[in-house]
Amino acid sequence: MIKCVIVEDERLAREKLELYVKDHQDLHLVASFISGEDFLTQNRIIDYELLLLDIGLPNIDGITLAGKLPNNCKVIFTTAYASYAVEAFNLNATDYLLKPFDFERFSLAIEKVNSETNKLVVESSLDRKILVKEGKKIHHLNIDDILYIKGLREYVVWHTVQGQLITLHSLSRLKEYLKSYNFIQTHKSYIINTQKVSAIEYGFVHLNDQQIPIGRSYREVVKAKFKAQF
């Protein structure tokens, strides 16, 4: 369960968020505040992981308040104004919800929180298995069965010997996690298992019957890994 706090000065908007939190199976509501000042007075004595934060608060706005938070706190901004989105994401906000939003959009934002906090876990260094969450299902995935991973915005598609999985993960984080298992990035949208490469040519690597592009900025990395000439 993710422990969350709401900071929202509008009563109806706050009550709607409280209902959404209570209806979401992955969330636990710790507290709800009507102002940034009230939250800051209690911030150090409450235990929370996620802040659902309005931007248009009186006296201290949500952007300023978010700048005072510890780096490990996840923030989802809830606002009627699109104009603060760049500032919000510069603060590493997990998501930016424009009012009015429905429960489905709210749930997608929570999935993003889950994807950031739910890191890949190595099950065993001997059998080389990791735990991967796809929706509500946990897969015990053998690293050696992964062919490649393709990034699709906030999602990634795992192409494995057994088939495909779609999860909410960051491709750049997966690259860092899997590089010790002989995975490299060949393109802005692809990470490959170098142990599965069957052939290399100019602009592409082949994994059995799959052809994966080599981006221009990744060409030297691929050449160095395979000592290839192209």
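Visitor: How many disulfides does a search of the whole structure find?

Guide: A disulfide needs two cysteine sulfur atoms within 2.5 Å. In this predicted model, the search finds 0 disulfides. The sulfur of Cys 4 has its closest cysteine sulfur in Cys 73, at 11 Å, which is too far for a bond. Cys 73 is accordingly in no disulfide.

Visitor: Is Cys 4 buried or exposed, and what does Cys 73 count as?

Guide: Buried means under 20% relative accessible area. Cys 4 is buried, at 0%. Cys 73 has 13% relative accessibility, so this residue counts as buried.

Visitor: Which residues of helix H1 are buried?

Guide: First the general idea: an α-helix has 3.6 residues a turn, so residues three or four places apart point the same way. In H1, the buried residues are Ala 13, Arg 14, Leu 17, Glu 18, Tyr 20 and Val 21. They lie on the same side of H1, because their arc around the axis is only 160°. The face turned away from that side carries the exposed residues Leu 12, Leu 19, Lys 22 and Asp 23.

Visitor: What should the 13 residues of H1 span?

Guide: At 1.5 Å a residue, H1 (residues 11–23) should span 18 Å, and its end C-alpha atoms are 18 Å apart, which agrees.

Visitor: Where is Val 156, and which residues does Val 156 touch?

Guide: Val 156 is in strand S10, residues 155–160. Val 156 is buried, with a relative accessible area of 1%. Leaving aside residues up to four places away in sequence, Val 156 touches several residues, among them Ile 149, Leu 165, Ile 166 and Leu 174. Between the C-alpha atoms of Val 156 and Arg 11, the separation is 38 Å.

Methods
Residues numbered from 1 in each chain as written. Predicted model: local features only at pLDDT ≥ 70, side-chain atom pairs only at ≥ 80, totals over all residues. Heavy atoms only, no water. Buried < 20%, exposed > 50% of the residue type's maximum accessible area, 1.4 Å probe, protein only. Helix = DSSP H or I, 4+ residues; strand = E, 2+ residues; numbered from the N terminus. Contact = heavy atoms within 4.5 Å. Expected span 1.5 Å × (residues − 1). Arc of directions from axis to C-beta.
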